Amino acid sequence: MMNSSEASTCPSVLSDQAFSHILEDYKNYNYLKKFKKVEPTYNFGKCNVCSDRATGIHYGVPSCEGCKGFFKRSLERNEEYVCYYGYNCEMTPKQRKRCKYCRWQACLRGGMSLDSARMGRISRDEREKIIKENREQSSSSSSAPVSPSGSSEKSKQIEKSTKFYKSLLKSLNIHTANYFPDVEITNLTQNNLENGLLMLSLLRDKCYQIFLEYNHEFNKIHYDKALSLLNRMETDDGETIKCNKNLTVKQIWDYFLPALQKNINSSIVYFKNLPGFSQLSDYDFKRCVIDRVFIVITLRVAKLYIDKEFYLYLHLDDEVYFSRELMEKAYGSELAKDIFGFFDRFAELKLTDYEISVLIPAVVSNLDSYDSGDLSNLNLYYKKLLSYELSLNKRSPEFIDKLKLTYDLLSDVCKRNRDVDVKI
DNA sequence: ATAGCCTTGAAC
DNA sequence: GTTCAAGGCTAT
């Protein structure tokens with residue numbers, strides 16, 4: 001193409017119009033040439049991750065060059081991704097670069113895996129099958145919000161996810177009487193404190209740091225969002241703000257279950273990073289998760305109970321939060337009442353973030369029956385740590401009693417929460 | 001770091 | 001020999 005100095009010395013016959021014509025031809029030629037190379041290849045549809053044009057089956061799913069490369073790079077440098085925007089980032093060709101965490105999750109959800117990666121060509125049948133499966137999925141999910149034509153594909157999809165969520169809940173629905181970790185301030189005499197004081201204060205800081213890191217979403221993102229909503233409600237007189245408008249029970253579950261699943265996953269990562277938990281056997285760790293994850297999730301989000309209302313956002317892009325109204329619809333008024341009863345009591349305690357951050361590992365490791373020395377040992381440390389923390393804050397024995405009572409309320413509502421029938 | 005293009009090598 | 005996916009290369 002011409003550079004500017006050449007253009008300025010162009011004979012006037014090459015008027016702008018004529019020039020643009022040539023340019024157009026040139027572009028067209030290039031375009032066609034480019035297209036010629038691409039056109040004969042198969043139409044793979046949309047990228048399973050970001051909906052860009054797929055260039056082939058990569059790592060088992062139709063995907064674009066970008067997501068193919070991203071998945072590959074992620075495997076190479078396995079660094080830990082973090083989402084700074086609420087773990088719900090949009091995956092579009094434009095937005096996909098914004099958040100690596102969510103893109104990675106989208107890759108996994110889209111079905112990318114090393115297992116399905118293979119060198120060279122795959123059979124025609126197999127390729128057709130993969131593309132067809134993908135078409136069905138994307139057409140049923142992308143039209144989900146409006147599509148009035150209750151297609152069988154769509155209902156199949158819903159049925160499938162319902163089954164999945166129910167089995168998820170069921171797998172968590174295992175026995176258990178929950179006892180509060182046995183702490184007594186009087187246990188902490190000067191003697192047994194001195195030995196491990198340094199260890200305890202280190203452990204304390206570590207727990208707090210990890211709590212901040214993994215609870216950032218609730219402590220900051222949800223919390224700030226709730227505060228700004230409250231602010232707007234005050235200034236706008238609540239006129240223009242419409243939240244949670246008339247959701248049906250089914251819609252509530254549609255919001256809530258994915259959010260729950262996400263919170264369970266992030267709680268598991270949180271547990272894994274607490275000192276000592278990664279050294280537990282898989283069996284022990286799993287028991288901790290199954291028994292305690294609901295309780296811990298509740299503790300993690302308790303801060304979002306503000307002015308008698310609960311502002312856990314079920315979808316950060318919408319204004320839908322798990323208000324009293326929604327909870328009553330989903331759980332029934334009895335359970336909702338008791339959950340809010342717990343929040344009331346818990347708020348009265350005014351626990352510090354430090355206290356909550358050490359309470360959580362103490363609760364998680366405190367299973368009713370131990371058959372493993374590792375777990376009971378771990379729990380011993382965390383009970384000590386909790387006692388230490390409470391004593392640092394000069395909490396009275398009456399306070400501890402109150403804490404125990406509040407905890408009983410919590411474990412009761414969590415147990416009932418597990419038995420709630422999901423109506424979809 | 002990303003993503004489009006290119007080379008390599010396996011499956012057909 | 002051809003087609004396709006993985007992985008390398010490199011301008012942005």
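Helices of at least four residues and strands of at least two are taken here as DSSP runs, numbered from the N terminus. By that count, chain A of this predicted model contains 15 helices and six strands.

Of the 424 residues in chain A, 41% are buried. The chain exposes about 24600 Å², of which carbon and sulfur atoms supply 52%. Among contacts between residues at least 6 apart in sequence, 72% join residues at least 24 apart.

The largest nonpolar core has 73 residues, and those with the most contacts inside it include Tyr-270, Phe-271, Phe-277 and Phe-310.

A second, separate core has 18 residues, including Cys-47, Val-49, Val-61 and Met-112.

Leaving aside residues up to four places away in sequence, Phe-271 touches Phe-277, Phe-285, Val-289, Val-293, Val-296 and Val-364.

How do α9 and α11 pack? Their axes lie 9 Å apart, at an angle of about 105°. Because angles of 65 to 115 degrees count as roughly perpendicular, α9 is roughly perpendicular to α11. In this contact, Val-249, Ile-252, Trp-253 and Phe-256 of α9 meet Leu-326, Lys-329, Ala-330 and Tyr-331 of α11. Seven of the residues in the contact of α9 with α11 are nonpolar, one is charged and none is polar.

Definitions and conventions. Residues are numbered from 1 along each chain as its sequence is written. Chains are lettered from A and ligands numbered from 1 in the order in which they are written. This is a predicted model: local features need pLDDT of at least 70, side-chain atom pairs count only at pLDDT 80 or more; totals for chains, interfaces and linings use all residues. Side-chain values use heavy atoms; hydrogens and water are left out. A nonpolar core is a set of buried Ala, Val, Leu, Ile, Met, Phe, Trp, Tyr and Cys residues joined through side-chain atoms within 4.5 Å. Buried means under 20% relative accessible area, exposed over 50%, partly exposed in between (1.4 Å probe, protein chains only). Contact means heavy atoms within 4.5 Å. Axes are lines fitted to C-alpha atoms, for helices over the stretch in contact, and angles run from 0 to 180 degrees between N-to-C directions. Angles under 35 degrees count as roughly parallel, over 145 as roughly antiparallel, 65 to 115 as roughly perpendicular and the rest as oblique. Ala, Val, Leu, Ile, Met, Phe, Trp, Tyr, Cys and Pro count as nonpolar, Asp, Glu, Lys and Arg as charged, and the others, Gly among them, as polar. Accessible areas come from the Shrake-Rupley method with a 1.4 Å probe; for residues, only the protein chains shown count as cover.
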